[in-house]
Amino acid sequence: MISTFFEILSPLPLNTEADARRLLGLWAEVAPNLLPDRAGTYEPLKQPFSITDTASLIARWEYQVLFKRVAKPKLQSSVFMQYGPHRQHSTWKISIDDGGHPNLLELLSLAERAATEFSADFGFVHRPTQNDLDIGLASSSIAYLSRAKSRVSLFVTTHLLKKYIPDIYWVTLFGKPYVDLFSRERLLSAPAYRVRELDNGSVLVQLTEHPVTSRELPKDYEARKKLVKEHLNPNAFFSVEKGLDFKYSAPDFRWDTMH
């Protein structure tokens, strides 16, 4: 099954109780139909989660928190925080297993709000096509979760972003480092279905009106991906032809250790 993936990468530590309340409050406000029903700091997740009783979870909010929704639409989620001397992004990830789920607008709104609330440097909402899988496997942003190759995981890390953007996604959120890299004018003039400047100056680029599934002919989608990459800077995006050793254009990231 191909899942729908959400991720934001923030330069903020996101490791305080105040951060926990902000994140959980935003989730409940914007995407109430996508709230988890289990949570914890390690697998297996057995502790029930309720947005009206978060005190025990917030008290353990330090390095990582995991979420799961057993009810439909089924989902997995994680929040990994900055800690110690490591300079890497805090991440909030959600994967929804129900490929035809009706909550896509909630997920998109959550990405927009979270990118603004947590000053995300990068983020996306995406449902990979077969071509996306090939690029993701080559760029190390996609991995199979089973030997049968029936499930995949899509994840973008700081390590990858320091080298290249693995791909352009159905919805990609470009934060300040990428506004500086590409220029605001170039981002806002990207040849995509929807381009929007967010309240904090980040730019959202939505390739097509709806995500493309592997059951559909993705020619228009692939053409749109190519157009946007060429418009922004093709040397900033991973290319199978250029390979892993090519010197791609990448921004310098700055780390906020204080709120």
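Student: Why is Arg 196 called partly exposed?

Tutor: The model is a predicted one. Arg 196 has 34% relative accessibility.

Student: What makes the contact of Glu 112 and Arg 196 a salt bridge?

Tutor: Their side chains meet at 2.4 Å, N to O. A salt bridge requires a side-chain nitrogen of Lys or Arg within 4 Å of a carboxyl oxygen of Asp or Glu, so the pair of Glu 112 and Arg 196 qualifies.

Student: How do you know that this pair links distant parts of the chain?

Tutor: Glu 112 is in helix α3 and Arg 196 in strand β11 (residues 194-197), 84 residues apart.

Student: Is Glu 112 buried or exposed?

Tutor: Glu 112 has 14% relative accessibility. Buried means under 20%, so Glu 112 counts as buried.

Student: Why is the pair of Arg 22 and Glu 117 also called a salt bridge?

Tutor: The closest N and O atoms of Arg 22 and Glu 117 are 3.0 Å apart, and the limit is 4 Å. Arg 22 lies in helix α1 (residues 17-30) and Glu 117 in helix α3 (residues 104-117), so the pair ties together parts that are 95 residues apart in sequence.

Student: What makes the size of the chain agree with a compact globule?

Tutor: With 259 residues, such a globule would have a radius of gyration near 18 Å. The chain has 18 Å, which agrees.

Key:
Residues are numbered from 1 along each chain as its sequence is written. This is a predicted model: local features need pLDDT of at least 70, side-chain atom pairs count only at pLDDT 80 or more; totals for chains, interfaces and linings use all residues. Side-chain values use heavy atoms; hydrogens and water are left out. The radius of gyration is taken over C-alpha atoms; the globule rule is 2.2 Å times the number of residues to the power 0.38. Helices (H or I, at least four residues) and strands (E, at least two) are DSSP runs, numbered from the N terminus. Buried means under 20% relative accessible area, exposed over 50%, partly exposed in between (1.4 Å probe, protein chains only).
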